[in-house]
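Please keep the sequence and the structure at hand while reading.

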Amino acid sequence: MTSNIKKYVTALASAKSYIAQWSADHVYADEALIVPFPTLAIFDPNKHIWSISIKAWLYLPFEGKKIKGYLSSVLSNKTDSKTNDEKNEDSITDDNGKGLKAAIRIALNKHTNKQDESIDDEDINDDVYEDALRDDFGKPNQNPGRLGLFFVGRSVKVITKSIINDVEHLLQPSDESGFIEEELELSDEEIQSLAQHTHPESNDRKFEYGIQIDESKMDVKSDNYKTFQCTIYILASYGTSIISDIDDTIKISKVLSKRSLLKHTFYNDFTTVQGMSELYQKWNEQNCQFHYVSASPWQLFPALNCFLEKYKYPMGTMNLRKFEWSLKFLKPPETYKMEIIAHIIAAYPLRKYICVGDSGELDPEIYSQLYNIFPQNIAHIFIRDICQTPECLSTCVERYIKAFKRVPKQKWTVFKDPQTIETNIKNIINI
């Protein structure tokens, strides 16, 4: 069985065990839930209008479906040995055109002797569902509302509406997974009347909008359709933005171990990387705007938002990946993150950007390529080295040198302790 299949089976095993304990509260809920995501408004100087990105995820609970049957049917459709999507995966390439993915993984794993265990088709049964993660993780220690949002009970397109300045905007139907995505246009005058400054001394602004199910378009009428609030950010042309990864950059995830990653994602309380919140708070006090970009699925946004609030991280835009019960979701995140970050920088090309990531996946390679595209915009790159050693391993040092060979040495920093990072934004920008 392929490694991707194994990861998929393990994830489903976790899901089944997880839901068995909490389905009454989280899977069979009576209310529809809309999770809107904070996004970035973009100004079109030719039209003199703002493009407002509405992104949200609609959760309609299960109605009489058996969880076990649902998971089994999902798995039965995904156990082909290899899909065309897998064969055609995009990857970042180095100067010689060779894929970096394999080389990076080799460099990261030289210090460990762990090998992937194989799983045969006959092993995929109820015992896998019941026991795959229980032995390792024990019982979950937090109310696990995170996983319930991964299971949409009804495949149906739903009409929603956004409410901006008391004006209703009918949105296009969600897709069958419940994902809502649409662009609205507002005049600069409307934005000026709506938005408030994010900091007293900053020209960056934001405003709140509401989103709800359009009851007039529903077959079943209800008075219980709630309005959910979210934030749109409107930035000044000049300023400083922090582009930050999440997993193992500000939140302990241990992405190098898939079992640990599942544990820290679905079982354990989210735990902060010591010192990162304090660092971000100091940058925030200097009027920086934050953009969180992660390959985590959108369904984790409520939990991640609570994590940011709990540990006092500055709020900002959030870009996560659309989740699909498909092997396609297990593709490497580099192309996705490159596109999202490039879009942010291109939308505000006069701002300065500080990129913060970690060595767990491909942040060094992603940020270095972005620097080559936007050398005037990216002021500095910070990479948290996650190796459990006092000093960086020689293989990691070689990796960083190779990744940043086209980035001036004064423009990138590898760190283990956030307290060693410069807190004065002007000093960072002027390096």
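## The hairpin of strands 5 and 6

In the hairpin of strand 5 and strand 6, with 2 residues between the strands, N165 takes a positive phi near 55 degrees. The model is a predicted one, in which local features need pLDDT of at least 70 and side-chain atom pairs count only at pLDDT 80 or more, while totals for chains, interfaces and linings use all residues. Residues are numbered from 1 along each chain as its sequence is written, and side-chain values use heavy atoms, with hydrogens and water left out. Helices (H or I, at least four residues) and strands (E, at least two) are DSSP runs numbered from the N terminus.

Strand 6 covers residues 167-170 and pairs with strand 5 in the antiparallel sense over 4 bridges; two strands count as paired if DSSP finds at least two bridges between them. Opposite I164 stands V167 of strand 6. Strand 5 also pairs with strand 9 (residues 205-213), again in the antiparallel sense and over 4 bridges. There, K161 has Q212 of strand 9 as its bridge partner. Of the 5 residues of strand 5 (residues 160-164), 4 are buried, so the strand is largely enclosed by the rest of the structure. Buried means under 20% relative accessible area, exposed over 50%, and partly exposed in between (1.4 Å probe, protein chains only).

## Overall composition

The protein has 15 helices and 16 strands. Of its 431 residues, 51% are buried. Contact means heavy atoms within 4.5 Å. Among contacts with a separation of 6 or more, 75% are between residues 24 or more positions apart.

## The nonpolar cores

A nonpolar core is a set of buried Ala, Val, Leu, Ile, Met, Phe, Trp, Tyr and Cys residues joined through side-chain atoms within 4.5 Å. The largest has 55 residues, and I52, F207, I211 and I381 have the most contacts inside it. Helix 12 (residues 334-347) gives the most to this core, with 7 residues. Both domain 1 (1-63 + 143-234) and domain 2 (237-430) give residues to this core, so it lies between them; the domain bounds come from an automatic or database domain assignment.

Not counting residues up to four places away in sequence, I52 touches A41, E182, E183, L184, L186, I191, F207 and I232. Apart from this core lies another, of 34 residues, with C288, Y313, F415 and I428 among them.

S53 belongs to strand 4 (residues 49-59) and is buried, at a relative accessible area of 9%. Its side chain and that of E183 are joined by a polar contact of 3.3 Å. A polar contact is a pair of N or O atoms within 3.5 Å; within protein, one must be able to donate a hydrogen and the other to accept it, and residues adjacent in sequence count only if both atoms are side-chain atoms. Neighbours within four places in sequence aside, S53 is in contact with T39, L40, E182, E183 and I232.

L184 lies in strand 7 and is buried, with a relative accessible area of 9%. Setting aside neighbours within four places in sequence, the contacts of L184 are W50, S51, I52, I54, S162, I164, H169 and L171. The C-alpha atoms of L184 and S162 are 9.7 Å apart, and the two residues are 22 residues apart along the chain.

The structure holds 13 aromatic pairs. Rings of Phe, Tyr and Trp (its six-membered ring) pair if their centres lie within 6.5 Å; planes under 30 degrees apart count as stacked, over 60 as edge-to-face and the rest as tilted. The rings of F179 and W298 have centres 6.3 Å apart and planes at 35 degrees, so this pair is tilted. The pair links distant parts of the chain, 119 residues apart: F179 is in strand 7 (residues 179-187), and W298 is in the loop between strand 12 (289-297) and helix 11 (301-310). Both F179 and W298 are buried. For F290 and Y292 the centres are 6.2 Å apart and the planes at 20 degrees, so the pair is stacked. F290 is buried at 0% relative accessibility, and Y292 is buried at 1%. One aromatic cluster is formed by F270, Y280, W283, F290, Y292, F307, Y311, Y313 and F382.

M318, in strand 13 (residues 316-321), is buried at 2% relative accessibility. Not counting residues up to four places away in sequence, M318 touches P38, I246, Y292, W298, F301, L304 and L308.
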